Amino acid sequence: MTSANPPSSDRSSSASSSTPSANSETASIISPPPTSSHSSKRRYNYYKQHLAERLRNKHKASSDRSDPNQPIHNAKSTAHERSILALVAAYIDQIRGFRHIVVFALLGSMTATLIGLIPLSGTKVIFDNVLGDKPLPEWMATLPWAQDPQTLLILVACVMISLSLLSLAIATTSRWHATVVSKRIQVIVRQRAFDHAIRLPLHRVQEMKTGGASSILRDDAGAAGDLVFGMFYNPWRAVVQLLGTLAILAYTDWRLLLWSIFIFPVIFITHKTWISRIRPMFADIRATRQYVDGHTTESFGGIRVVRGFSRQRHETARFVRNNHVMARQELTVWWWHRGVEIVWQIVIPVSTAFILIYGGMRIIDPADPFTTGELVMFLAFLMWLLEPLAMLAQSAASLQNGLAALDRVLDILAEPTESQYNEKTLPFDRSQVAGRVTLEHVSYRYPGTMQDALYDITFDVQPGEMVALVGPSGAGKTTLSNLIARFFEPTAGRMLLDGRDVSTIDLESYRGMLGIVEQDVFLFDGTIAQNIAYGKRDATDEQIIHAAKRANAHAFITAFDRGYDTRVGERGVKLSGGQRQRIAIARAILADPTLLILDEATSNLDTESERLIQASLAQLMHQRTSFVIAHRLSTITHADRIVVVENGAITEQGTHDELMARSGRYAEMVAVQTRPVQQPRK
């Protein structure tokens, strides 16, 4: 059945003309936004104005979510960030298997902190009762060792040291357990993020870029694990130390305590002025780092093109500019972050000086019973009071970095995976699959475009039939094969397998029936045997060798010193194009698929190898439903059916002889390929 032609329009031009610009909202602030070719200073100045606008108006004014790799834009606006309570709840859910260890670590930290407060009280005994002339309390004065000042001094010092060591031992133990939990959570969050990201729809994975995905999995998921300290351990320890110190200070002298608590408003001002700005900045830095990582991976992945066009200096300059932007962002955050520390480095000595003056005046006053030991102890405890306050302020700043990272990880985990299009899916028994593939009025439109890439595709492929997809480049052949492989889901119509809607079939069980050999072969950085057995991990050596022989790969494999244990390098760079192609064919042969997709599978082979591989493929495709994309029409004349695809629609279909007899578009394509090339006249 031949489908009607869709409205004539080029897909790429439609995408650019009909899709809102990714920077349309941004351009309303500063137009035009600088690109990666502009200087880092200009891009950074634009970023600062853009950030100020976001913080001032609390609405989205950044790049579109579909382009998360822009180096100077955060992928998510401040207004759409999750609240702290929502992030805390999400994180508690992430650590649900380790809550008892976290509670144990917090209890240990509390015990260590409270024990650590006791030795500070010894300063009062030393200054008042040992070095001074103030008598000991009655319950201490009756003890035999309290009569000798030297013995009392040594005893107090020993008790202080013992309690300090005990506090250190408990604190180290509790911190070790918190660290173990932190690392375990890092591993778990990375595993969850990786497992989810690798199942995202194909277009979303392509948007992220390889390096960008690595940045999220490595940096953001790693920082989420550190929240055990930033969210729980350090703040809890600071709160316990703060409350314990306040209680002791209130017992020692409540008037001095009133003088010292004037610093409490500084905490609120610090948080409102600095902390609320830091998390968006940290999120922006992580977005920039993701972009830089993506560019780095892209440059080295295309190193042959880079060198072939002598663009090494250009790529280096681009890398440096992107890093300069990130460095400027990090320096901005450094000033805001250090601002918290500067405030506390000013507050602590100033408050200490005021309390020292006030306490000293009271000691000088003979009518006041306040003693030197009490002042020294008060100042010691005041340091312990200011330390948790400073720790809370600094932890709040560091917490924003971890929350920004967690927020980005949660964004990834919140995105629907390709298998979530229909949750009511069931496994499919491969042994019961005949291989009939039916497409009923299927259309597909790429995300972000307004023009269908495929339009009203309808055909019925019988089990074991070989279907060749031909047509000009960009006609939609690869898109159609991606729909059959369920890399994409139709935007209209439906696809059936043996009469059953594929949307009701579990995606992984469906893919388990599939074999794919593409023109651009991808091999993993492992051995040849591992790559051949990728689709069948339990394959024996004999099965691997048999598949290699059928793919005409055994001869060149055994010529290597290590044979099947030869490492192929990243993407198979240590092999020639033809060798990679034959290993990919051996991989498909070993997988023994029910449905087979060949995308120019013999394009990189010499004539002799191609002849042998064609014979192997014919054997492989026997009694298997096969879809073959071919530009060289001489390789598919024996196909059971040839489908001509043009402008996203089927214009002809039939056998080679039937289509040649019609003298239609297919016959024209054959005539063009078989026509002798005319040499230019001299």
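The legends below accompany close-up views of a predicted model.

**Figure 1. Overview of the predicted protein chain.** The protein chain, shown here as a predicted model, has 682 residues, of which 48% are buried, and its secondary structure comes to 25 helices and ten strands. When contacts between residues at least 6 apart in sequence are considered, 77% of them join residues that are at least 24 apart.

**Figure 2. The largest nonpolar core and the surroundings of Ile532.** This core has 44 residues, and those with the most contacts inside it are Ile532, Ile636 and Tyr666. Helix H22, which spans residues 577–591, contributes the largest share of the core, namely seven residues. In soluble globular proteins, nonpolar side chains tend to be buried together. Around Ile532, once neighbours within four places in sequence are left aside, the contacts are with Ile544, Ala547, Ala548, Ile557, Tyr564, Ile583, Ala586, Arg587 and Leu590.

**Figure 3. The crossing of helices H20 and H22.** Two packed helices are described by the angle between their axes and the distance between the axes. Here the axis of H20 (residues 541–550) and that of H22 come within 8 Å and cross at roughly 125°; H20 is therefore oblique to H22, and the crossing of the two helices is right-handed. On the H20 side the contact is made by Gln543, Ile544, Ala547, Ala548 and Arg550, while H22 supplies Ala586, Ile589 and Leu590. By residue type, the contact of H20 with H22 divides into six nonpolar residues, one polar residue and one charged residue. Several of these residues also belong to the surroundings of Ile532, which is in contact with Ile544, Ala547 and Ala548 as well as with Ala586 and Leu590, among others.

**Figure 4. Gly654 in strand S10.** Gly654 has its place in strand S10, which covers residues 649–654, and with a relative accessible area of 7% this glycine is buried, because the cut-off for that class is under 20%. Not counting residues up to four places away in sequence, Gly654 touches Arg641, Ile642 and Leu659. For the pair formed by Gly654 and Arg641, the separation is 13 residues in sequence and 5.0 Å in space, taken from C-alpha to C-alpha.

**Figure 5. Asn234 in helix H11.** Helix H11, made up of residues 227–252, contains Asn234. The relative accessible area of Asn234 is 18%, so this asparagine is classed as buried, the limit being under 20%. Leaving aside neighbours within four places in sequence, Asn234 is in contact with Arg175, Phe229, Met391 and Ser395.

Terms used
Residues numbered from 1 in each chain as written. Predicted model: local features only at pLDDT ≥ 70, side-chain atom pairs only at ≥ 80, totals over all residues. Heavy atoms only, no water. Core = buried A, V, L, I, M, F, W, Y, C linked by side-chain atoms within 4.5 Å. Buried < 20%, exposed > 50% of the residue type's maximum accessible area, 1.4 Å probe, protein only. Helix = DSSP H or I, 4+ residues; strand = E, 2+ residues; numbered from the N terminus. Contact = heavy atoms within 4.5 Å. Axes fitted to C-alpha atoms, helices over the stretch in contact; angles between N-to-C directions. Parallel < 35°, antiparallel > 145°, perpendicular 65-115°, else oblique. Left-handed = near helix turned anticlockwise from the far one by under 90°. Nonpolar A, V, L, I, M, F, W, Y, C, P; charged D, E, K, R; others polar.
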